[in-house]
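Hi,

Here is the structure I promised to pass on. Have a look at it first, and then read my notes below.

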2 protein chains.
Amino acid sequence: MATANKQRGNSEKRRRILEGALRAFAKKGFYNTKVSEIASEAGVADGTIYLYFKNKDDLLISLFEDRMEWIIERLKGELDRIEGDAAARLRAFIQLHFLLVVENRDLAEFVTVELRQSAKFVKEYDNPKFSDYLRILHQLIKDGQQEGLLRAELDSRLAARAIFGALDEVLLQLTLSKAGPEDVEEKAALVSDMLLRGLASD
Amino acid sequence: MATANKQRGNSEKRRRILEGALRAFAKKGFYNTKVSEIASEAGVADGTIYLYFKNKDDLLISLFEDRMEWIIERLKGELDRIEGDAAARLRAFIQLHFLLVVENRDLAEFVTVELRQSAKFVKEYDNPKFSDYLRILHQLIKDGQQEGLLRAELDSRLAARAIFGALDEVLLQLTLSKAGPEDVEEKAALVSDMLLRGLASD
């Protein structure tokens, strides 16, 4: 019982540090943020951070994994609720990706701007959570191919990468220009339309 | 005459520093490279670098501008030689973008990996050379719309961004996996096919 409480306390502290890091990175950028500033955002002592994370790079990667897990859970939950063919689900996936990122400015700044700055992260791009994300996209494309809606000769893995790149770049621009929700929704519809036409069978 | 020679000498030294920086960044990454290592790659004294560049960020941006200028000149030259409609030229643009980046490993590493790491660069993304690049892509899409080949209701500016994002992401993956030239050519054909279908009028 005491152990369970302690574990819960630990995981709450870990969560507070991750949330503090997200806010701190969004304010000053990854490279300009000191660990002590993260501690202050999180309301913990400087040394506490090192009980949970090896260093700032480790914090960045953990934060990415944590946020991707959240995004992936939301994406999966929504996809399960959608009745319709793979094309409709792929469209929903793209639109939800836009909305999830833009709903939360700090997250948007983090995913599109800050993550690009960690050499370690970009080189170790086969991050397991990022792979999970790509796998969902990849599976949707394969489903569409099996249903005969998307071209069978498509390289589904390559298409998933290209789609992620297109979404990420457009989201980067929308984030930097501080686009409002209607604008984001409109752009999401245009981009998903363009990408789906690109994959559709004749 | 003496001045002209001096200017030529200056611009040659600047070029040597930029090339040294490209090699150094490709080896150790932007953040891990010391200015003294760039000087050593370029065969100049450490202090000489500061005669031409304010700091490492300035060097990164100058290198990007220099390389983009080179890419843009090659792209424009090729586009001028292509006889065919806007769709054919857009396809050629995409394939050439792939080939130019992959032809030169250091450049590929620099453009797809290193550039993502400079906070300054990503936030000041309206870099004039990058805008030139986007403008060519944007113009090709507008030409295609006027020729009736591409859908008139497309947001051509948004489409240019999405295409750049897709290319950049696929190139990042090809660079990190050290893909060979045939593989790159095949992927370029698949990606350009997918993107063009996405833009095509019904």
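Why does B:Leu63 count as buried rather than exposed? B:Leu63 has 22 other C-beta atoms within 10 Å, so it is buried (buried means 20 or more other C-beta atoms within 10 Å of its own, with C-beta atoms placed from the backbone).

Before going on, a word on the source: this is a predicted model, where local features need pLDDT of at least 70 and side-chain atom pairs count only at pLDDT 80 or more, while totals for chains, interfaces and linings use all residues. Residues are numbered from 1 along each chain as its sequence is written, and chains are lettered from A and ligands numbered from 1 in the order in which they are written.

Back to B:Leu63: you'll find it in helix H4 of chain B, residues 56-81 (helices are DSSP runs of H or I with at least four residues, numbered from the N terminus). Other buried residues of H4(B) include B:Leu59, B:Arg67 and B:Ile71. Leaving out residues up to four places away in sequence, B:Leu63 touches B:Leu18, B:Ala21 and B:Leu22 (contact means C-beta atoms, placed from the backbone, within 7 Å). B:Phe110 sits 47 residues from B:Leu63 along the chain, with 9.4 Å between their C-alpha atoms.

Now over to chain A. The axes of H5 (residues 86-103) and H8 (residues 128-146) come within 8 Å and cross at roughly 155° (axes are lines fitted to C-alpha atoms over the stretch in contact, with angles from 0 to 180 degrees between N-to-C directions). H5(A) and H8(A) are therefore roughly antiparallel (angles over 145 degrees).

Cheers

Methods: Helix = DSSP H or I, 4+ residues; strand = E, 2+ residues; numbered from the N terminus. Buried ≥ 20, exposed ≤ 12 C-beta atoms within 10 Å, placed from the backbone. Contact = placed C-beta atoms within 7 Å. Parallel < 35°, antiparallel > 145°, perpendicular 65-115°, else oblique.
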